[in-house]
Amino acid sequence: MSEERIVYVNGNYVPESEATVSVFDRGFLFADAVYEVTAVVGGKLIDFDGHVTRLKRSVAELSMPAEVDEAKLRGIHEELVSRNDIDEGLVYLQLTRGAADRDFLYPDTSTTPTLVLFTQKKAVVENPAAERGMAVVSLPDLRWDRRDIKTVQLLYPSMAKMEAKAQGADDAWLVEDGMVTEATSANAYIVTGDGTIVTRGLSNAILHGITRRAVLALAEEAGLKVEERGFTIDEAKAAREAFVTSASAFVMPVVSIDGAKIGDGSVGPLARRLRGIYLEALAA
Ligand code: PDD
């Protein structure tokens, strides 16, 4: 971290070195918290309403008494983008059930939730990884069964990413009952021999990606064939192309799985085209 950012904590904009959260915060003690990551391109928030809609859903699924006010949250995001001079990067929103004496039972619903937002400057558009493509390895999906809720329980994804790195790869694709669920922090896709884009259907097994929804809609608009179904690592290894999507990576090509080249091992034309279509839509 170089320059000191301004972050948001429960109603206040403060320098990051002065920002504090209680040691009794349930986000810290129980991972009793949800989050969202919104990309910023040209100072503009990408798909903000999609992120707020998913946040509302996460909050409801966990019976958190937190109020999710779209206009207020948009205002905070915009203020942080402006105060931190973010042209390209990310805004993180973390919302916990608040601070209460340690007890597995949820505290009284009058407990004030903790809301924290911070920014990261990052070259999300001109990302060199998009030219190179990513190497992934397969690992068992050992996360809990409610991956549709965007909680901050990110220890297993973090462990999986470390294991991928130890194996010389960039990320892991997670496998459950023989089928790929998703990547550690992105949705996973393959392109079959006839040019069909295949990605797992929505369920509690994966996060309902906001980028996934946008990219699938753009693919269909472009006349590309999309199939929402599970696939195995063997099918992925034999696929013509592979890629992932997320708010931080947009459309990111995958060029090898468990050391096996996908296609000829270079970035596939469809992944490149979809990234282009997505970036054009952002600029529009
Ligand atoms: N991750 N699946 C998982 C497990 C994720 O953590 C993410 C996002 C996605 C893609 O969702 P979206 O398109 O809405 O970003 C899929 C964020 C970027 C993160 O944790 O940094």
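**Domain organisation and packing in the predicted model**

The chain is divided into domain 1 (6–121) and domain 2 (129–283), with bounds that come from an automatic or database domain assignment. The structure is a predicted model, in which local features need pLDDT of at least 70 and side-chain atom pairs count only at pLDDT 80 or more, while totals for chains, interfaces and linings use all residues. Residues are numbered from 1 along each chain as its sequence is written, and side-chain values use heavy atoms, with hydrogens and water left out.

The centres of domain 1 and domain 2, taken over C-alpha atoms, are separated by 26 Å. In domain 1, 20 residues are in contact with 20 residues of domain 2 (contact: heavy atoms within 4.5 Å). The two domains bury about 1700 Å² between them, 63% of it on carbon and sulfur atoms; buried area is the accessible area (1.4 Å probe) that two parts lose on being put together, summed over both. On the domain 1 side, Tyr-35, Arg-54 and Arg-57 lose the most area to domain 2, together 34% of what that side buries.

An open sheet is formed by six strands in the order 2-1-6-5-3-4, with antiparallel pairing. Strands (E, at least two residues) and helices (H or I, at least four) are DSSP runs, numbered from the N terminus, and two strands pair if DSSP finds at least two bridges between them. Strand 2 (12–15) and strand 4 (44–45) are the edge strands, each pairing on one side only. Strand 3 (residues 33–41) and strand 5 (residues 89–96) run antiparallel and are joined by eight bridges; Glu-36 has Leu-93 in strand 5 as its bridge partner. Helix 2 (residues 48–61) packs on the sheet, touching strand 3, strand 4 and strand 5, and its direction makes about 180° with that of strand 3. Axes are lines fitted to C-alpha atoms, for helices over the stretch in contact, and angles run from 0 to 180 degrees between N-to-C directions.

Helix 6 (residues 210–221) and helix 8 (residues 269–283) pack at an angle of about 105°, with their axes 10 Å apart. These two helices are therefore roughly perpendicular to each other (65 to 115 degrees). Thr-211, Ala-214, Val-215, Leu-218 and Ala-219 in helix 6 meet Leu-274, Ile-277, Tyr-278 and Ala-281 in helix 8.

Terms used
Parallel < 35°, antiparallel > 145°, perpendicular 65-115°, else oblique.
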